[in-house]
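Hi everyone, thanks for coming. I'd like to walk you through one model today, starting with charged side chains and then moving on to the core. Let me put it on the screen.

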Amino acid sequence: QEQFVESGGGLVQPGGSLRLSCAHSSSIFSIYAMAWYRQAPGKQRELVATITSGGSTVYVDSVKGRFTISRDNAKNTVYLQMNSLKPEDTAVYYCHPSPVITTRYGMNYWGKGTLVTVSS
């Protein structure tokens, strides 16, 4: 089964910005809530932000006011705009349907992720 493809990561200085993209060839995911997750070295994967099919968003407290999740259903793409980046944002970032959807339907389309490194 085809995986999500994440892109846009890289090395950025503290206070900088990056825009991540996540695409899938299937339009089916346009009807599901989608999410960005991240996994820092030595830590478990955590949920960062969620967006419903209608565009409602929820963020983990640590990124509120700095990150913005959005989606373009016509392009089967989900975005994560990250501003005011901090060293603690360093992680591999993944997108996937929201935790509820992932569990409910047993989805497993995890991609390779995109590495974000925040360092001076």
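Here is something to look for: with which residue does R38 form a salt bridge? The partner is E46, and the closest N and O atoms are 2.6 Å apart. By salt bridge I mean a side-chain nitrogen of Lys or Arg within 4 Å of a carboxyl oxygen of Asp or Glu.

A quick word on ground rules. This is a predicted model, where local features need pLDDT of at least 70 and side-chain atom pairs count only at pLDDT 80 or more, while totals for chains, interfaces and linings use all residues. Residues are numbered from 1 along each chain as its sequence is written, and side-chain values use heavy atoms, with hydrogens and water left out.

Back to our pair. R38 is buried at 6% relative accessibility, whereas E46 is partly exposed at 32%. Buried here is under 20% relative accessible area, exposed is over 50%, and partly exposed lies in between, using a 1.4 Å probe and protein chains only.

The structure holds four salt bridges, and R38 takes part in another one, with D89, at 3.0 Å from N to O. That pair links distant parts of the chain: R38 sits in strand 4 and D89 in the loop between strand 8 and strand 9, 51 residues apart. Strands are DSSP runs of E, at least two residues long, numbered from the N terminus.

What about D89 itself: buried or exposed? D89 counts as buried, at 1% relative accessibility. D89 also forms a salt bridge with R66, with the closest N and O atoms 2.7 Å apart. R66 lies in the loop between strand 6 (57–59) and strand 7, 23 residues from D89. Through shared partners, R38, E46, R66 and D89 join into one network.

Now the core. The largest nonpolar core has 29 residues, and W36, F67, I69, L80, M82 and Y93 touch the most other members. Such a core is a set of buried Ala, Val, Leu, Ile, Met, Phe, Trp, Tyr and Cys residues joined through side-chain atoms within 4.5 Å.

Let's zoom in on M82. Leaving aside neighbours within four places in sequence, M82 is in contact (heavy atoms within 4.5 Å) with residues including L18, L20, F67, Y93 and V116. R66, from our salt-bridge network, is also on M82's contact list.

One last stop: T50, in strand 5, is buried at 16% relative accessible area. Among its contacts beyond four places in sequence are M34, V58 and I69.

Definitions and conventions
Helices (H or I, at least four residues) and strands (E, at least two) are DSSP runs, numbered from the N terminus.
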